[in-house]
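Reader: Please show me the chain, and then let us go through it by question and answer.

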Amino acid sequence: MNIEEKWVEYDWQAEKQRAVFRVDTALYDIAPMPTHGVLFGIVTTGRDGKLGDSMRDTLSRQLAERLEKKVGLVYAGSVSVEGRTKLFLYGSSVSQLDAVESAADRAMFIKCRCSAASDEDWKTYFKLLYPDAAKMQTLWNKRTIAMMKKQGDVIDAARRINLHVFFPTEPLRIMFDEQARLSGFAIGEPEFAAESSLPYGTVIRRISTLDKAEIDILTAKAVYLAEKFDGRLVHWDCAIMRKN
């Protein structure tokens, strides 16, 4: 997986809600840090109950950055749902919780609930925050939908979505086709990419709008199903639906 940005934001589910995940991907190569085996969680909400999500996220991020500088924590990421943000930071000792709570109490406009727990293997970072292929696909979905909207597409119009999935061998492709059919996809024509390490492709189809939540669910289903057969969703495409 090639991630060029240090901080990556993507949409995913958290607590059965649509959420925005933010993660420092630069930590991947140095994690887990043996000197920082304690995970600090800070849940932030607006003090008056009227603070907008964007402002709360900004103030929460500023708090995390202050904790990095003043307490020596490592800011790994956050998960934001409507009404609250949860920050994830790694530290060296549970005893740092007092300093974390003190800094959180001084934060303006947000109120915080703090906790600390051992996470020496950084499981929260790797399993929850760092994006797998399906989570990364939500970034490409966002960019593709924005591009099509810019070209005049009516994104709430239903149309056939073509998902192009590739595999290392033809038998794996054939087995995937059968599972995809049982999972509710229509099966299109096979494809072949001679110079690729995954040369054997297939097109699976589903009717959908370009509502991002719908597309994210669709691509996640395709990604996870393909992985069972050593395959990968390479891209998706569809017809542009314009007014009139």
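**Burial, folding and contacts**

Author: D177 counts as buried at 12% relative accessibility, where buried means under 20% relative accessible area, exposed over 50% and partly exposed in between, with a 1.4 Å probe and protein chains only. This is a predicted model, in which local features need pLDDT of at least 70 and side-chain atom pairs count only at pLDDT 80 or more, while totals for chains, interfaces and linings use all residues. Residues are numbered from 1 along each chain as its sequence is written, and side-chain values use heavy atoms, with hydrogens and water left out.

Reader: In which helix is D177 found, and with which residues is D177 in contact, leaving aside its neighbours within four places in sequence?

Author: Helices (H or I, at least four residues) and strands (E, at least two) are DSSP runs, numbered from the N terminus. By that assignment D177 is in helix α5. Contact means heavy atoms within 4.5 Å. With neighbours within four places in sequence left aside, the contacts of D177 are I187 and T202.

Reader: How far apart are the end C-alpha atoms of helix α5?

Author: The expected span of a helix is 1.5 Å times one less than its number of residues. Helix α5 runs over residues 170-182, which is 13 residues, so it should span 18 Å. The model agrees, as the distance between the end C-alpha atoms of α5 is 19 Å.

Reader: Why do the buried residues of α5 lie on the same side?

Author: The buried residues of α5 are L172, R173, F176, D177 and A180. They lie on the same side of α5 because they cover an arc of only 145° around the axis, the arc being that of the directions from the helix axis to the C-beta atoms. An α-helix has 3.6 residues a turn, so residues three or four places apart point the same way. On the other side of α5, the exposed residues are P171 and L182.

Reader: What covers the buried residues of α5?

Author: The cover includes three strands, β7 (159-167), β8 (186-192) and β9 (200-208). It also includes the helix α6 (212-227).

Reader: At the start of α5, which backbone nitrogen does a side-chain oxygen of T169 reach?

Author: A polar contact is a pair of N or O atoms within 3.5 Å; within protein, one must be able to donate a hydrogen and the other to accept it, and residues adjacent in sequence count only if both atoms are side-chain atoms. The side-chain oxygen of T169 comes to within 3.3 Å of the backbone nitrogen of L172.

Reader: Which residues touch the most other members of the largest nonpolar core?

Author: A nonpolar core is a set of buried Ala, Val, Leu, Ile, Met, Phe, Trp, Tyr and Cys residues joined through side-chain atoms within 4.5 Å. The largest has 47 residues, and those touching the most other members are Y125, L163 and F176.

Reader: Is R159 buried or exposed, and which backbone oxygen lies 3.0 Å from a polar atom of its side chain?

Author: R159 lies in strand β7 and counts as buried at 4% relative accessibility. R159 and S208 are 49 residues apart in sequence, yet 5.6 Å apart in space, C-alpha to C-alpha. The backbone oxygen 3.0 Å from a polar atom of the R159 side chain belongs to A239.

Reader: How many disulfides does the count come to?

Author: A disulfide is a covalent bond between the sulfur atoms of two cysteines. Here the rule is a pair of cysteine sulfur atoms within 2.5 Å. The closest cysteine sulfur to that of C112 is in C114, at 5.7 Å, which is too far for a bond. The count comes to zero.

Reader: Which residues does the cis peptide bond join, and where does P32 lie?

Author: Omega is about -5° for the cis peptide bond that joins A31 and P32. P32 lies in the loop between β2 (17-24) and β3 (38-46).

Reader: Is K16 buried or exposed?

Author: K16 is in the loop between β1 (7-14) and β2. Its phi is near 60°, a positive value in a residue other than glycine. With a relative accessible area of 83%, K16 is exposed.
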